[in-house]
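User: I would like to learn how to read a few features of a protein model. Please take me through them.

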Amino acid sequence: MASLADLQFDNRFAQLGDTFSTRVTPEPLQNPRLVISSPSAMRLIDLTPEEANSELFTELFSGHKIWSSAEPRAMVYSGHQFGGYNPKLGDGRGLLLGEVLNQAGEHWDLHLKGAGSTPYSRMGDGRAVLRSSIREFLGSEALHALGIPTSRALCVTLGDNPVYREREERAAMLLRLSQSHIRFGHFEYFYYTRQHDALRELLNFTLRTCYPECLTDAQPELAMYREVLKRTAEMIAWWQAYGFCHGVMNTDNMSILGITFDFGPYAFLDAFDVRHVCNHSDHEGRYAFHRQPAIAQWNLACLAQALTPFIDVETLKTEVASFMPTFEQHYLELMRRRLGWADAQRGDGDLIEQLLQLMQDSGSDFTLCLRLLAEDSTALRDHFVDRDAFDRWHAEHLHRRGGNAEQAEALQANPIYLLRNYLAQNAIAAAEQGDFTEVRKLHDLLTTPFTRQTDAEEYAAAPPDWGKHLEISCSS
Ligand code: AMP
Ligand code: MG
């Protein structure tokens, strides 16, 4: 195991120079304390969980100290936000501290979110508040535990610095881990500013660091694009199969790794509702739950546009068109697993649709119903208004269902505990009063979401009335 003080850094992105990022020093939090840390994320960079208890840990992840071999930089990128192009975004409140090289030979970006202002802060203060930092921490770690591709979160620290949003709040920092922080918007920035040499360099860098297996292909750029599309389609399939709404699917929030990235006002569905919009600021419902696949495809078309200097346009169009079938295939696989169906059959999609329609009509809790189904619980029927219709569906389901092996697998695919908005809200309210026990308890439950814990029955329930329609604002 490495120790915290002497992590090995290999800052490959920083070495690309000032065209791609700007050196910036973090602005420390006042009187910093540790809110929470993730033992499994710590292991990714060879740290033992106990190291989170050291003073050094809190100092490093609140901007007070920095490794001599780290090289904090703010990255430049642009992107399409809510359908419109924004020419200059970039890390306005986060810094790539450096790339840790772990003992397995993997590189992990350490990104400190909420580290103060940068040349890309525009009108912002460069800060993140406690509630959004906790939400990103819990979201990343909960998705990971469900098996959903995502960036990770190492820890959250809190300071006394006041931050002004709708009300006065406290500044916090989140340490995000990812094997890359390159977004679709990085490519768009160099394409739209007509810096094609830099675009080429970025592409080569991404191939070398994220997609080395594509380098031996006759057309490495195309092979990489195909892989990004495939991974993105898989990620969206996970979101749709588990009721995850991202909320801000702008191209600057789309990772080139095809993982869930930049958590904002996200939500897991409680009552099943295909039209659910989790972002209070998304008035048009552009990023509504059922639109996520089409939006991902639209975003992939934006990425394709930025790659037109290197890949033939007609070829790219064909690739973009392959998104929906790829998505559908993964989605059906995941849903079959949740339903305990043994093999693929024609008509599976329709039968799944029928169940979802019944849930939609009844306002049934999505996660709870699928868990009850996997448990073969007779209580499930009561979650539907039209019980006869449900019985007819259920009879078909019993025909489709596999044996013991599939049922055991279904129990491992249907979480008992889910990061519901109201649970996050309870944990945040306590943390804002200085009590971090609730956020830590929730994190513990969510790291093993398929295992029932004693004394945690209320965490497995559908939300109480007050917790059903919480509005999550974009101001974070
Ligand atoms: P997000 O909504 O977090 O994906 O951020 C979109 C863009 O706004 C990114 O360029 C962020 O760096 C920037 N941004 C968001 N919040 C702030 C803030 N408080 N200060 C400076 N820049 C910010
Ligand atoms: Mg963002």
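User: How far does a backbone N or O atom of glycine 90 lie from an oxygen atom of ligand 1?

Analyst: A polar contact is a pair of N or O atoms within 3.5 Å; within protein, one must be able to donate a hydrogen and the other to accept it, and residues adjacent in sequence count only if both atoms are side-chain atoms. Here the distance for glycine 90 is 2.7 Å. This is a predicted model: local features need pLDDT of at least 70, side-chain atom pairs count only at pLDDT 80 or more, and totals for chains, interfaces and linings use all residues. Residues are numbered from 1 along each chain as written, chains are lettered from A and ligands numbered from 1 in written order, and side-chain values use heavy atoms, without hydrogens and water.

User: Which polar backbone atom is 2.8 Å from a nitrogen atom of ligand 1?

Analyst: One of glycine 126. The side chain of arginine 165 also has an N or O atom 3.4 Å from a ligand 1 nitrogen.

User: Is asparagine 253 buried or exposed?

Analyst: Buried means under 20% relative accessible area, exposed over 50%, partly exposed in between (1.4 Å probe, protein chains only). Asparagine 253 has 9% relative accessibility, so it counts as buried. Aspartate 262, at 12%, is buried too.

User: What does asparagine 253 contact?

Analyst: Contact means heavy atoms within 4.5 Å. Leaving aside neighbours within four places in sequence, the partners of asparagine 253 are Arg183, His246, Val248, Phe261 and Asp262. A polar atom of the asparagine 253 side chain lies 3.0 Å from the backbone oxygen of valine 248.
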